[in-house]
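Please examine the sequence and the three-dimensional structure shown here before reading the report.

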Amino acid sequence: MVVCLRLPSLTSSLFSPATTNSLRRSPALLRRWRGPRQFQPPSPLFPASRFSAQGTAATETTSEDRVDGNSKNRMRNNPDRVITPRSQDFNAWYLDVIANAELADYGPVRGTMVIRPYGYAIWEAIQEFLNVKFKETGHSNMYFPQFIPYSFIEKEASHVEGFSPELALVTIGGGKELEEKLVVRPTSETIVNHMFTQWIHSYRDLPLMVNQWANVTRWEMRTKPFIRTLEFLWQEGHTAHATPEEAENEAMQMINIYTKFAYEQAAIPVIAGRKSRVETFAGASKTYTIEAMMGDRKALQAGTSHNLGQNFSRAFGTQFTDENGQRLHVWQTSWAISTRFVGGIIMTHGDDAGLMLPPRLSPIQVIIIPIWKKDAEKMEVLNAASSVKEVLQTAGVKVKLDDSDVRTPGWKFNFWEMKGVPLRIEIGPRDVSSRSVVISRRDIPGKQGKVFGISMEPSILEAYVKDKLDEIQSSLLGQATSFRDSNIVDVSSYDELKVAISQGKWARGPWSASDEDELKLKEETGATIRCFPFQQPQGIKTCLMTGNPAEEVAIFAKSY
């Protein structure tokens with residue numbers, strides 16, 4: 001059966017200005033997550049100093065995401081593998097890294113991307129970790145259809161309002177006009193509730209907790225590979241509960257899992273908190289988020305978890321009979337992380353040499369480069385390299401031997417460094433004679449990161465490599481945390497906030513102003529409230545906008 005899509009035409013090319021920090025009720029590709037009540041980040045978000053606006057902000061060279069005539073060529077493989085310096089043009093650098101590290105390429109439909117094997121392997125590493133955590137917390141994987149009746153979307157008023165501009169609709173199937181147009185899945189709350197209504201009858205059926213790994217379509221007009229594309233991959237969890245307390249605990253539990261993942265696996269020091277009313281997911285009572293600072297100091301919403309309350313269950317009539325025989329609507333959550341996180345890893349850790357991957361998510365943790373000059377040396381070097389590979393593989397290290405002889409060792413050094421492999425092992429004839437290897441760290445460039453004479457003896461080599469991988473993981477988190485903390489300015493007035501944002505920094509200050517004030521802030525500064533952090537400073541606070549008492553401090557930043 002041939003299915004035709006009647007969709008709005010795109011008026012912008014694939015990689016266009018991402019200077020917009022959209023204030024839509026359904027922000028970004030990632031929208032679900034749960035709150036860290038148990039997980040405590042390694043460093044406190046608020047230092048012991050008095051909460052006041054201070055701070056000298058170094059002027060940064062910000063690079064706005066933009067489209068020019070060369071942007072598509074930039075994403076095509078460059079035979080010379082030239083990478084634009086980050087400080088010169090951050091967006092060009094980002095596209096160069098994606099192309100040259102062979103992470104993704106353009107799809108034939110404008111706004112789509114093809115995720116190449118190396119990029120997909122990073123997504124698989126994310127999946128592997130999260131899948132275990134989801135199952136440990138009682139969730140089961142399943143799959144819902146990609147096509148959703150349009151009438152389902154219309155049932156929840158704020159939901160259809162929030163998603164309407166992004167919907168892709170199917171109007172023809174099998175050569176005939178469909179009786180009801182179908183929505184290509186933008187998210188699954190509606191179809192999930194339709195099915196939950198069939199499955200939930202009694203309190204004995206609760207809680208119902210499922211997750212699906214799927215693709216999603218949102219007709220984005222301004223796109224950026226991994227960060228915002230027409231189609232992307234994600235996991236979306238959906239749960240139904242008998243009480244509001246259970247739903248809130250679930251939403252917080254999942255944001256906690258996302259936070260722990262970001263810190264411990266991706267080495268990204270996210271700030272976890274609650275979204276403002278303006279930024280809350282369309283149809284949710286509360287949205288929790290993890291916000292990450294990218295290398296250009298823009299914020300990336302890296303994962304979200306929503307307490308849906310009874311909004312969808314009332315719209316769909318999803319009810320259960322409690323122990324007293326009373327019919328009640330269920331309380332629900334939904335939560336998600338997407339392939340946007342891959343973009344976050346690139347923009348957090350990468351440098352002028354290319355990609356830099358945290359060892360726990362790197363598809364290849366160690367690359368072995370054999371070096372020989374004479375044919376007589378080749379076999380003994382390759383045999384030694386193979387032996388080292390076997391030792392590390394047996395120890396559970398993700399290792400690759402680049403034994404091709406069509407490229408020079410120097411070319412291989414640069415290539416695998418650009419692909420972000422954490423450790424490089426070099427083995428030449430002298431190393432074979434001394435039964436040792438040379439090991440270089442990706443996070444410490446040049447001679448400083450190179451150590452000679454590491455024994456090939458299996459127990460010594462294994463211990464050394466694992467220790468260095470752990471050091472790199474910790475080092476990347478430490479560097480990202482220092483960068484984040486040095487670029488957050490405490491403010492106590494609107495003027496101070498505007499100065500901080502104009503310098504490309506994040507601002508942190510007390511807030512109790514109205515939604516209208518938040519919209520004004522967005523219009524005048526280009527920044528939005530990223531979240532009200534779970535970690536809050538003690539003491540009396542005064543709203544930076546109105547001068548009224550404030551119970552919470554918010555984070556403000558420009559964002560992707």
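## Basis and overall content

This is a predicted model, in which local features need pLDDT of at least 70 and side-chain atom pairs count only at pLDDT 80 or more, while totals for chains, interfaces and linings use all residues. Residues are numbered from 1 along each chain as its sequence is written, and side-chain values use heavy atoms, with hydrogens and water left out.

The secondary structure of the protein chain consists of 15 helices and 26 strands. Helices (H or I, at least four residues) and strands (E, at least two) are DSSP runs, numbered from the N terminus. The protein chain has 560 residues, of which 58% count as buried. Buried means under 20% relative accessible area, exposed means over 50%, and partly exposed lies in between (1.4 Å probe, protein chains only). Among the contacts in the protein chain with a separation of 6 or more, 75% are between residues 24 or more positions apart; a contact means heavy atoms within 4.5 Å.

Strands of a sheet pair through backbone hydrogen bonds, either parallel or antiparallel. Two strands count as paired here if DSSP finds at least two bridges between them.

An open sheet with mixed pairing is formed by 11 strands in the order E4-E8-E9-E15-E12-E11-E10-E23-E26-E22-E21. Its edge strands are E4 (140-141) and E21 (488-490), each of which pairs on one side only.

| Strand pair | Sense | Bridges | Facing residues |
|---|---|---|---|
| E21 and E22 (residues 506-510) | parallel | three | Ile 488 and Trp 506 |
| E10 (residues 271-274) and E23 | antiparallel | two | Gly 273 and Pro 533 |
| E23 and E26 (residues 553-557) | antiparallel | three | Thr 528 and Ala 557 |

Strand E23 (residues 528-533) is mostly covered, since six of its six residues are buried. Helix H6 lies across strands E8 (208-217), E9, E12 (299-309) and E15 (331-338), and runs at about 35° to E9. For such angles, axes are lines fitted to C-alpha atoms, for helices over the stretch in contact, and the angles run from 0 to 180 degrees between N-to-C directions.

## The sheet of five strands

Five strands form an open sheet in the order E17-E16-E18-E19-E20, and the pairing is mixed. Strand E17 (399-401) and E20 stand at the edges with a single partner strand each, so one side of each has no neighbour in the sheet. From one strand to the next, the twist averages 25°.

Strand E18 (residues 423-427) and E19 pair in the antiparallel sense over four bridges, and Glu 426 has Val 438 in E19 as its bridge partner. Helix H10 (residues 375-394) lies across E16 (366-370), E17, E18 and E19, running at about 170° to E16. Helix H11 (residues 409-418) also packs on the sheet, where it touches E16, E17 and E18, and its direction makes about 170° with that of E16.

## Aromatic rings

Rings of Phe, Tyr and Trp (its six-membered ring) pair if their centres lie within 6.5 Å; planes under 30 degrees apart count as stacked, over 60 as edge-to-face and the rest as tilted. By this rule the count comes to 14 aromatic pairs. One of them joins Phe 196 and Trp 199, which are tilted at 45° between the planes and 6.2 Å centre to centre. These two residues are three apart in helix H6 (residues 189-199), so about one helical turn separates Phe 196 and Trp 199. Phe 196 is buried, with a relative accessible area of 0%, whereas Trp 199 is partly exposed at 37%. Ring pairs also link Trp 123, Phe 134, Trp 213 and Trp 335 into a cluster.

Gly 237 lies in strand E9 (residues 231-241) and counts as buried because its relative accessibility is 0%. Leaving aside residues up to four places away in sequence, Gly 237 touches Val 210, Asn 211, Thr 333, Ser 334 and Trp 335.

Arg 442 is placed in the loop between strand E19 (436-441) and strand E20 (450-455). Its relative accessibility is 6%, so Arg 442 counts as buried. Beyond residues up to four places away in sequence, the residues that Arg 442 touches include Asp 351, Leu 355 and Glu 417.
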